[in-house]
Amino acid sequence: MNDRTTSHDRVLARRHAEGWMFLLEAARDQRTTGAIAPSGPALARALTDPVRVLGPRPLAILEAGAGTGAVTRALIPQLSSGSRLDIVDANPRFTARLRHLVATHPHLAGRPRQVRVHQTFIEQLDTAQRYDVIVSGLPLTNFAPHQVETIMSRYMELLHPGGTLTYFAYRGTLKARALLASRAEARRHAAVGEVMGSYQRRYATGCWTVWANLPPAHVWHLRRPLASHREQEHPPTGARR
Ligand SMILES: C[S@@+](CC[C@H](N)C(=O)[O-])C[C@H]1O[C@@H](n2cnc3c(N)ncnc32)[C@H](O)[C@@H]1O
């Protein structure tokens, strides 16, 4: 009973500290931090579902925009022994915290190279690795449309054919910006919506609302097709009927 209370207290204390850290980073740079609190457990679960569905086989997973590790904590216990997780965040204070999480997580004891933390912008991640699942926590609706296009096309390139990208967007932000922000800001947000819409129309396999998060969020799952688009539109001559 005492032990349980102590571990519950530890979790609460950690969440409290991470909540403050998030708030502080949001005050420093709201555009890049993109939220004033980490994702809750229901959102973390919806974002990591594809890993659960793929089961215990070895997977290559990328988490972009990991923040204080709310989603990372849902990913780590699912890593089978042959799996690899690359974690990326642009903010050095968040990556310091993520390195500590990786170094002390009991599931990773004795597996030092299974998880790597990279402090960089995802657009600049230099890797030849391809992934089965990419989990994105980036605040895409805060970015310029051309930056969102760059990031989305890079995600698609980083996925294995058949691989899945998951990401979230808070509900109601487009309407809120249309009402409350400047015209230029509302136009920028609408243009980002168009970029995202074009990816959703081509690749989406599902979209869910997670109400048990503050604020509630849409979670999208997109899949890179098994054949490239070019191949689908112009199949090799031998493959035509
Ligand atoms: C909304 S927070 C999400 C944090 C965490 N995934 C969660 O759900 O609680 C967005 C995170 O993305 C990071 N970020 C923003 N732009 C980035 C970029 N271009 N490349 C890598 N990380 C970025 C921020 O530093 C921040 O940690």
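Let's start with the ligand: the shell of residues around it divides into 13 nonpolar, eight polar and two charged. The structure you are looking at is a predicted model. The protein in it has nine helices and seven strands. Its radius of gyration is 19 Å, close to the 18 Å that the globule rule gives for 241 residues, so the protein is as compact as a globular protein of that length.

**Around the ligand**

- In total, 23 residues surround the ligand, and the closest are Pro38, Ser39, Gly65, Gly67 and Gly137.
- Two elements give two or more residues to this shell: helix α2 (30-33) and strand β2 (84-89).

**The protein as a whole**

- Taken along the principal axes, the C-alpha atoms fill a box of roughly 70 × 50 × 30 Å.
- Of the 241 residues in the protein, 32% are buried.
- Among contacts with a separation of 6 or more, 72% are between residues 24 or more positions apart.

- Strand β1 (residues 60-64) has four of its five residues buried, so β1 is largely enclosed by the rest of the structure.
- On one side, β1 pairs with β2 in the parallel sense over five bridges. To find this pairing in the model, look for Ile61, which stands opposite Leu85 in β2.
- Strand β1 also runs parallel to β4, and four bridges join these two strands. Here the bridge partner of Glu63 is Val135 in β4.
- Next come β4 (residues 131-136) and β5 (residues 159-170), which pair in the parallel sense over five bridges.

**The antiparallel pairs: β5, β7 and β6**

- Strands β5 and β7 run antiparallel, with seven bridges joining them. Thr166 has His221 of β7 as its bridge partner.
- Strands β7 and β6 also pair in the antiparallel sense, over six bridges. In this pairing, Thr209 has His218 of β7 as its bridge partner.
- A hairpin of six residues joins β6 to β7.
- Is β7 mostly buried or exposed? Five of its seven residues are buried, so β7 is largely enclosed by the rest of the structure.

**Pro216, a loop residue**

- You will find Pro216 in the loop between β6 and β7.
- Pro216 has 14 other C-beta atoms within 10 Å, and it is therefore partly exposed; a residue needs 20 or more such atoms to be called buried, and 12 or fewer to be called exposed.
- Leaving aside residues up to four places away in sequence, Pro216 touches Arg171, Thr209, Val210 and Trp211.
- Pro216 and Gly172 are 44 residues apart along the chain, and their C-alpha atoms are separated by 9.0 Å.

**Arg201, a helix residue**

- Arg201 has its place in helix α8.
- Which group does Arg201 belong to, buried or exposed? With 8 other C-beta atoms within 10 Å, Arg201 is exposed.
- The C-alpha atoms of Arg201 and Gly34 are separated by 25 Å, and these two residues are 167 residues apart along the chain.

Conventions. Residues numbered from 1 in each chain as written. Predicted model: local features only at pLDDT ≥ 70, side-chain atom pairs only at ≥ 80, totals over all residues. Pairing = 2+ DSSP bridges. Near = placed C-beta within 6 Å. Nonpolar A, V, L, I, M, F, W, Y, C, P; charged D, E, K, R; others polar. Rg over C-alpha atoms; globule rule 2.2 N^0.38 Å. Contact = placed C-beta atoms within 7 Å.
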